[in-house]
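I opened the model to look up a few packing details and wrote down what I found. The entries follow in the order I made them.

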Amino acid sequence: PKTDIVFLKVHKSASSTVMNVLFRFGETHNLTFAFPIGGGNQLFYPHHFLARFVKGFSPRSHRRFNILCHHMRFLQPEVQKVVSSSAIYFSILRNPVQLMESSFVYYKGTSAFSRARSLEEFLSQPYHYYNPADSNSHYARNLMTFDFGFNPDGEVSAERVQLMLKAIEASFDLLLISEYFDESMVLLKEMLCWDLDSVVSFPLNIRDSSTKSPLSDTIVEKIKDWNRLDWEIYTHFNRTFWERIDRDIGRERMQREVKALRERQADLARTCLQGMGSVAPKDIKDSSLRPLQHGNAKILGYNLKQGLDKETERMCRRLVTPELQYSSALYKKQFAQKHP
């Protein structure tokens, strides 16, 4: 199994669920994480990543960390200082249309979105609300482009798009697609030589459908237009994603693998969860399992079954622990004061 991993956590793209997979694997195999100095869950985002943001990094020591997965704005030369040269790099993408709709609700408090009553209103005259100079403007336009380290307000010429795609291809071994999450987990499992249980998961940091609204065709086109760079990244890597499946696995075997993954997930849901699925934040009984609520989104969580034996309870709890709580528990464990 591969243990040196860089995951570029792209916002609002099922990346919290991927984080849970990495947290569990890292914890089980006693791996080290590249945590932000002072804890927390962002490596001084939205600044470009620097090695000195990582707790325990020193340019003089040759210490390397196994897993780098907290929110960062990608900058490969700096990333290379904190992980092994053989590390596997991957990230996850999401259709920019759904991504923007999700961001608008989740990041409602940001300067670009706070004054617009609806996404329609924002898109009818985006420059009325959007100012690239604002410190949190990146949430409102080409968010994936920004997370990958590029300029979200750059011109959209064929040449520039090609350079951007080539740069991403040169840096990353695999780009997952959140719309095909199960297929993505199968590809990840293959590339990392992990077993099925390592990539099984329950969806985390997802929002209640009551805050989701269907989008008209006009709005969809406006979103693609406004996020043209993201759209170019997404369509390109969605295509290469399926080419890779055809080349490395084949559709038939992929179907079998996905089926096995879903059956295992259903098994675990029966074992672990009260009521088999996610519940509204107010219905989560154990406050330590309550996810952070942000913007206008209602983020769902889970209730564990009562009376599980210790080992099962531990496994189940890991699967449903929200990102912030899990991250801070691993941080405390990694930096526990060593007593003589």
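Entry 1, Leu68. I listed the contacts of Leu68, taking contact as heavy atoms within 4.5 Å. Leaving out residues up to four places away in sequence, Leu68 touches Ile5, Val6, Phe7, Ala34, Leu43, Phe49, Val79, Val82 and Val83. I note that this is a predicted model, in which local features need pLDDT of at least 70 and side-chain atom pairs count only at pLDDT 80 or more, while totals for chains, interfaces and linings use all residues. Residues are numbered from 1 along each chain as its sequence is written, and side-chain values use heavy atoms, with hydrogens and water left out.

I then looked up the largest nonpolar core, which has 111 residues. Such a core is a set of buried Ala, Val, Leu, Ile, Met, Phe, Trp, Tyr and Cys residues joined through side-chain atoms within 4.5 Å. Buried means under 20% relative accessible area, exposed over 50% and partly exposed in between (1.4 Å probe, protein chains only). Leu68, Phe90 and Phe122 have the most contacts inside this core. Its largest share, eight residues, comes from α12. Helices (H or I, at least four residues) and strands (E, at least two) are DSSP runs, numbered from the N terminus.

Where does Phe172 lie? I found Phe172 in the loop between α8 (158-171) and β4 (174-177). Phe172 counts as buried because its relative accessibility is 8%. Beyond four places in sequence, Phe172 touches Leu8, Phe74, Tyr89, Phe90, Ser91 and Phe148.

Entry 4, β4. I checked both faces of β4 and found them covered: Leu174 and Leu176 on one side, Leu175 and Ile177 on the other, are all buried. In a regular strand the side chains alternate between the two faces of the sheet. Strand β3 (residues 88-93) pairs with β4 in the parallel sense over four bridges; pairing requires that DSSP finds at least two bridges between the strands. Leu176 in β4 is the bridge partner of Ile92.

I counted rings of Phe, Tyr and Trp (its six-membered ring) as paired if their centres lie within 6.5 Å, with planes under 30 degrees apart as stacked, over 60 as edge-to-face and the rest as tilted. The count comes to 30 aromatic pairs. Phe44 and Phe53 form a tilted pair, 4.6 Å centre to centre with 35° between the planes. Phe44 is partly exposed at 38% relative accessible area, whereas Phe53 is buried at 7%. The rings of Phe74 and Phe172 are 4.8 Å apart at their centres with planes at 45°, so this pair is tilted too. The pair links distant parts of the chain, 98 residues apart, with Phe74 in the loop between β2 (67-68) and α2 (76-79).

Which residues of α13 are buried? I listed Met254, Glu257, Val258, Leu261, Leu268, Ala269 and Cys272. They cover an arc of only 115° around the axis, which puts them on the same side of α13; the arc is that of the directions from the helix axis to the C-beta atoms. They pack against α9 (181-192), α10 (196-199), α12 (228-248) and α14 (310-320).
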